[in-house]
Amino acid sequence: MNLIKRVLLTSIVFFALSFGAKSQDLDQISFKKGLTMSGGLNFNNTFYTGSDSLIKRDPYQLMLSGNVNFNLWGVDMPFSFAYTNSSKSYTQPFNKFQLAPKYKWAKLYLMDASMNFSQYTLAGHNFRGVGLELTPGNWYVGAMYGRLVKAVEYDPIEDNLDDVAYKRMGYGLKVGYTMDNTDANITYFSAKDEKSSLDYDVPAEADLHPQRNTAVSAYLRQAFLKYFYVQAEYAFSVYNSEIRNESGDTARTSNFIDKLFDKKGNDRYVDAVSASIGYQGPIWGLALCYERVAPDYQTLGGYYFTNDLENYSVAPNVKLFQGKLSLAGKLGFEYNNLNNQRADDTRRIVTSANASFSSGMAWTASLSYSNFSTYTKYKKTAYPYYSDDLDSLNFYQVTQSYNAMVGYSFGKETLMHSIALNSSYQKGNSEKEDVKMSMSDIVSGSLSYSESFAPITLTWGAFLSANYADAGGMKSLYWGPGVNCTKGFLKNKLNSSLSCAYNLNDVDGKRTSSLLNSSLSMQYLLDGIDKKFGNHSLTASANMTNRFRTSANNKGYEFLATLNYGITF
């Protein structure tokens, strides 16, 4: 492992140093261009106030962000950053800096970045360090090294048990090749927590354990016979959830895999596989998909990951009337408890269907349906001094949803009209041993009309929306009208927007609250203020929410205003 790490670091440093010197032909660099700069800066201020019972955020927040691209002799060197004063609400401030110089097919990442190699290895996790992407011809070579997680000490005053973390370093490599009908790549990723990164002992309640993980994957997609394709990915992971107890516990084996991954006695070897085969022609298509992720499969290169599952799915689609009508569907089955070690078995059935129609400029329509059914069987458990009287426990849960939309546009270029109707319905129920535990019905819909006057750059609209829910033995209705308007002034240098919505909320036939939401925003473009330093814009917005009194305690208001100064150059 140390050898692999040293080789990877040496490669990144070599490419970084040679990036501006040897990786470019001198005749491709234009010394006449000199140094140019482009990008933008934003200075945003947010002000908030409200009734004591409704205050949910800080009264003032500052956000300074920008992106600047320096081009020296034809070589791009983009730099971006973000800073906010909200650090007092988090363990670390939202400060982010990135420099990403690029020339031709080479790109270098410095400071804060994220890369995506595979869903089973490095899956878009942010890191602070160095990364590299090379795309010469049909090849792709990517590499990274950096800090994935910052060390956070326990603070008894702040009581930040949920935020305490070890410093985690990681590195990865991806090599791929793409042609017209072939796409193949292999990835390697490794990460490890530094046990010595925390100076003070972590309380046991934090349930914090230093971890280590190495994951590799191989992917292939091959098209054949013009309309057919097959793709597959296999991943292998070595995961250790507690590395403090592994010293001196190296596995004594001559196995090549164990030596390659520096296996310890408490390491877990797990794998994942996904595959699909399909046909996609001009009129119809069909895909068959399979995925299996072993229990305890884990990658430290992603934020969220689901394991212990196996699913099968079939997905047909068809296009009719020269592509104006599209139909698609999917049927899938999912299972868990693959190693039969859990106390429950879960089976899921997922079905969905979608239809969309577009006649061009006038009519548009869509309809979708989905059904998510879950069956869980809890097994009987027995202990030396206790026996469960139930042989098993069956639990069913079904959720269905429908969504529909119809839109119609008419008029001329100078005056356009638009009408849209949206609706949705969701039904859920659950049963335990044939006894209904809960049921819910949620219906929502909206009807809107808008007009657009192109000669005077004016657009206005009105809408009526409603949401009805029957769940948990309580029936609620939330409904109301609203209007909005946008207008441009001074040859569209000044753009304004105004909206207002009034909503009523009834619960079990009794009025519980009423709200009035009003917002106003204006943006002024000062493009002629400084020709040497780009275009300037000033944006101001205000939002007021008034909760009217329907009882002794629920009256209040919230006011949010923003002021932003932006520069593009």
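**A close look at Asn240**

A: In this predicted model, the side chains of Asn240 and Asp267 are joined by a polar contact of 2.8 Å. The side chain of Asn240 also has a polar atom 3.0 Å from the backbone nitrogen of Glu242.

As for its place in the chain, Asn240 belongs to strand β12, which covers residues 228–240. Asn240 has a relative accessible area of 1%; because buried means under 20% relative accessible area, Asn240 counts as buried.

A second residue may be set beside this one. Met169 is part of strand β9, which covers residues 167–178. Its relative accessibility is 16%, so Met169 is likewise counted as buried. Beyond the neighbours within four places in sequence, Met169 is in contact with Tyr145, Gly146, Arg147 and Leu148, and also with Ser190, Ala191, Lys192 and Glu194.

The whole chain provides the setting for both residues. The protein chain contains two helices and 29 strands. Of its 569 residues, 31% count as buried. Among contacts with a separation of 6 or more, 52% are between residues 24 or more positions apart. The protein chain exposes about 33600 Å², of which carbon and sulfur atoms supply 58%.

Note on methods: Residues are numbered from 1 along each chain as its sequence is written. This is a predicted model: local features need pLDDT of at least 70, side-chain atom pairs count only at pLDDT 80 or more; totals for chains, interfaces and linings use all residues. Side-chain values use heavy atoms; hydrogens and water are left out. Helices (H or I, at least four residues) and strands (E, at least two) are DSSP runs, numbered from the N terminus. Buried means under 20% relative accessible area, exposed over 50%, partly exposed in between (1.4 Å probe, protein chains only). Contact means heavy atoms within 4.5 Å. Accessible areas come from the Shrake-Rupley method with a 1.4 Å probe; for residues, only the protein chains shown count as cover. A polar contact is a pair of N or O atoms within 3.5 Å; within protein, one must be able to donate a hydrogen and the other to accept it, and residues adjacent in sequence count only if both atoms are side-chain atoms.
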